Amino acid sequence: MNTFSDFSLKTYNTFGINSIASNVVMPETSADFRDTAKSATAPFFILGGGSNVVLPDRYEGTIIHPINKGIYKIDERGDQGCLDGRVMVEAAAGEVWANFVDYCIAQGWYGLENLAGIPGTVGASPVQNVGAYGTEAKDVIDSVHCYEIGTGNELWIAHDDCQFAYRWSRFKGEWKDCYIIDRVRFRLRETFTPNLSYKALSSAVDDNKNLTARQLADIVVSIRDSKLPNPMEIGSAGSFFKNPVVDSDTFHRLKEQYPEIVAFAVDNGGFKLAAGWLIDQCGWKGRSLGKAGVYEKQALVLVNRGCATSSDIIALSQQIISDVKAKFSITIEPEAIILD
Ligand code: EPU
């Protein structure tokens, strides 16, 4: 197995922070995953594509970075198979998510189009239930294969046991540091039905009768490109904050004061507020604090203006949280994981 000491993670996180980890292991085979899980001792952190983390300047512990590869269709007639025009696809944790989406579209396996172009790896997708443009990973995940920390035992965890929610699953809650995910199974479809529920998407599609999955994914990628920085050019972690959900009374109070507030009704009678709009209203769009800044085209995205450290990014995020709180009495929370 590949193991390294005093290893720079600069190219392993999309913020581009030059974080030095005292130990790094990169499991690839089943035996690597079993051994890594069995011998893992705190502190450790499982790092996928590093697209949703703020790494410390130095990490005294073990970074576990899965590098296994492979995407294949499970025999539909077998025990794990599925009927009714669906196809079960298994992908290794170390696969790059965006490549996995493209590969499935090319094979005629549908359901992932709206999640095209998201940075990160397959193994991270169930952990925070990645989502964009009206689709979330939970809509397509069937089950997750893991190795248990401490014992190295392997197990499949079914979709319903993961307690998926907005940017959340049990892997982020009570199961934090309990398992290493090595592969994920997805239930995809063999016929293409576009999900155009997200307004920005439906208005970008001219002819939805002849729309192909590839065209839809390309539209998603072009909307993303117009709002989100390319991590190869500007360091960021995508949306830095979650969109806060407030109760109906709070929403109506705000709506009276700010008639143009951007919000979407959610299942429980509450409203999800666009945190980007709240931050924008506080005048932060395009501004900087130290070497960290707020992206010019989308206020929800914090960027590295060059050699930013985790302290620069944390200081900026705290200032934004406090300004939003002062103006709207709403507490926004980071979506990105801040590792210390
Ligand atoms: N807005 C502003 N100013 C801004 C940014 C946004 O006024 O600077 C308003 C706009 O009116 C816009 C609305 O907020 O219409 C919502 O913005 P957008 O459609 O860009 O979506 P978002 O809520 O900001 C979420 C996800 C993104 C995902 C998009 C599309 C979260 C935290 N973020 O952003 O996910 O791509 O929806 O589905 O839920 C990510 O998690 O890294 C990420 C990029």
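This is a predicted model: local features need pLDDT of at least 70, side-chain atom pairs count only at pLDDT 80 or more; totals for chains, interfaces and linings use all residues.
**Figure 1**
Leaving aside residues up to four places away in sequence, Ser317 touches Phe240, Phe241 and Leu302.

**Figure 1. Helix α7 runs over residues 310–328.**
Step back from Ser317 and the whole helix comes into view. α7 has 19 residues and reaches 27 Å from its first C-alpha to its last, close to the 27 Å expected at 1.5 Å a residue. Its buried residues are Ser310, Ile313, Leu316, Ser317, Ile320, Val324 and Phe328. They lie on the same side of α7 because they cover an arc of only 135° around the axis. An α-helix has 3.6 residues a turn, so residues three or four places apart point the same way. The cover over the buried residues of α7 includes α5 (248–257) and α6 (275–281), along with the strands β4 (53–54), β17 (288–289), β18 (292–294) and β19 (301–304). Just after α7, Ser329 takes a positive phi of about 60°.

**Figure 2. Helix α2 (residues 97–107) also has a set of buried residues.**
Here the residues to look for are Trp97, Ala98, Phe100, Val101, Cys104 and Ile105. They share the same side of α2, because the arc they cover around the axis is only 160°. Their packing partners are the strands β6 (71–73), β7 (86–92) and β12 (179–189), together with helix α4 (213–227). Just after α2 comes Gly108, with a positive phi of about 85°.

**Figure 3. Domain 1 and domain 2 meet in a contact that takes 14 residues from domain 1 and 16 residues from domain 2.**
The protein chain is divided into domain 1 (2–64), domain 2 (71–199) and domain 3 (235–338). Between domain 1 and domain 2, the C-alpha centres lie 22 Å apart. The area buried between these two domains is about 1200 Å², and carbon and sulfur atoms give 67% of that area. On the domain 1 side, Phe33, Ala37 and Phe44 lose the most area to domain 2, together 40% of what that side buries.

**Figure 4. One salt bridge is counted between domain 1 and domain 2.**
Zoom in on Arg34 and Glu154, which form a salt bridge with their closest N and O atoms 4.0 Å apart. Arg34 lies in helix α1 (residues 30–39) and Glu154 in strand β11 (residues 154–158), so the pair ties together parts that are 120 residues apart in sequence. Arg34 counts as partly exposed at 34% relative accessibility, and Glu154 is likewise partly exposed at 42%.

**Figure 5. Glu90, Asp182, Arg183 and Arg185 are linked in a network of salt bridges.**
Within this group, the side chains of Arg185 and Glu90 meet at 2.5 Å, N to O. Arg185 belongs to strand β12 and Glu90 to strand β7, so this pair ties together parts that are 95 residues apart in sequence. Arg185 is buried, with a relative accessible area of 9%, and Glu90 counts as buried at 2% relative accessibility.

**Figure 6. Glu136 and Lys138 meet in a salt bridge.**
Their side chains come to 3.6 Å, N to O. Glu136 counts as buried at 18% relative accessibility, whereas Lys138 is partly exposed with a relative accessible area of 28%.

Key:
Residues are numbered from 1 along each chain as its sequence is written. Side-chain values use heavy atoms; hydrogens and water are left out. Helices (H or I, at least four residues) and strands (E, at least two) are DSSP runs, numbered from the N terminus. The expected span of a helix is 1.5 Å times one less than its number of residues. Buried means under 20% relative accessible area, exposed over 50%, partly exposed in between (1.4 Å probe, protein chains only). The arc is that of the directions from the helix axis to the C-beta atoms. Contact means heavy atoms within 4.5 Å. Domain bounds come from an automatic or database domain assignment. Buried area is the accessible area (1.4 Å probe) that two parts lose on being put together, summed over both.
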